[in-house]
Amino acid sequence: EAGCLNFLAIGDFGTVNDNQKTVRDGMASWAARYRPQAIFAPGDNIYKHGPRKESDMVAHWSDVYLTKTPLRKPWYAIAGNHDWHEENDYKGAVVEKAFAKSSRNTGKYWNMDHFWYKKDFSTGQVTVDVFFIDTEIWRGRVPAYKGVKDDQRDWLKSNLAQSKADWKIVCGHVSVYSAG
């Protein structure tokens, strides 16, 4: 409807098999009907141990999702535990972030400005600020980034306080505060 923002989100993408392609087809059908402004990728984007190299991003993301025209939208990604997997020396998320600036990121649909970042959306009537956070860094689970854990928390608190958007959404892979 006029004045609405539509988003589509998918996490825990799968392993380039028929199940993942069935989900992709369902996403494409929904996207063709509702025309989302963006697609959110809140982690575990490349199974099982995150991408090891740029070609993994092409094979596990571009060659799967961008084959469907309705999914050729900006994708805003953050890393999950599988993207930071220790069997990949915790480098998979680094590959995903670098892919955003790669010449192989056809159409520049894959976006990951940093491991945490903000994206603003607006219809002219409604404004939405989406805060993408890396919950693995937040929880201290990425050895190389343990020293910046508080930086992300401080960044989020500050940016939430400064936001004048009608809606504020925090998007992460897992709960950062949970009793379960």
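The model is predicted, so local features require pLDDT of at least 70 and side-chain atom pairs count only at pLDDT 80 or more, while totals for chains, interfaces and linings use all residues. Residues are numbered from 1 along each chain as its sequence is written, and side-chain values use heavy atoms, with hydrogens and water left out. The structure holds 18 aromatic pairs (rings of Phe, Tyr and Trp, the last by its six-membered ring, with centres within 6.5 Å; planes under 30 degrees apart are stacked, over 60 edge-to-face, the rest tilted).

**Aromatic pairs**

- Phe7 and Phe121 form an edge-to-face pair, because their ring centres are 4.8 Å apart and their planes stand at 70°.
- This pair links distant parts of the chain, 114 residues apart: Phe7 lies in strand E1 (residues 7-9) and Phe121 in strand E5 (residues 117-122). Strands (E, at least two residues) and helices (H or I, at least four) are DSSP runs numbered from the N terminus.
- Phe7 is partly exposed at 21% relative accessibility, whereas Phe121 is buried at 9% (buried is under 20% relative accessible area, exposed over 50%, partly exposed in between, with a 1.4 Å probe and protein chains only).
- Phe40 and Phe132 are also edge-to-face, with centres 5.2 Å apart and planes at 85°.
- Phe40 belongs to strand E2 (residues 38-42) and Phe132 to strand E6 (residues 127-132), so their pair ties together parts 92 residues apart in sequence.
- Phe40 is buried, with a relative accessible area of 6%, and Phe132 is buried at 0%.
- One aromatic cluster is formed by Phe7, Phe40, Tyr76, Tyr117, Phe121 and Phe132.

**Charges over rings**

- Lys97 lies over the face of Phe115, 5.4 Å from the ring centre (NZ of Lys or CZ of Arg within 6 Å of the centre and within 35 degrees of the ring normal).
- Lys119 lies over the face of Phe121, at 5.7 Å from the ring centre.

**The sheet**

- An open sheet with mixed pairing is built from 3 strands in the order E5-E6-E7 (two strands pair if DSSP finds at least two bridges between them).
- E5 and strand E7 (167-171) stand at the edges with a single partner strand each, so one side of each has no neighbour in the sheet.
- E5 and E6 run antiparallel and are joined by 6 bridges.
- Ser122 stands opposite Thr127 in E6.
- Helix H5 (residues 149-162) packs on the sheet and touches E5, E6 and E7 (contact means heavy atoms within 4.5 Å).

Definitions and conventions:
Axes fitted to C-alpha atoms, helices over the stretch in contact; angles between N-to-C directions.
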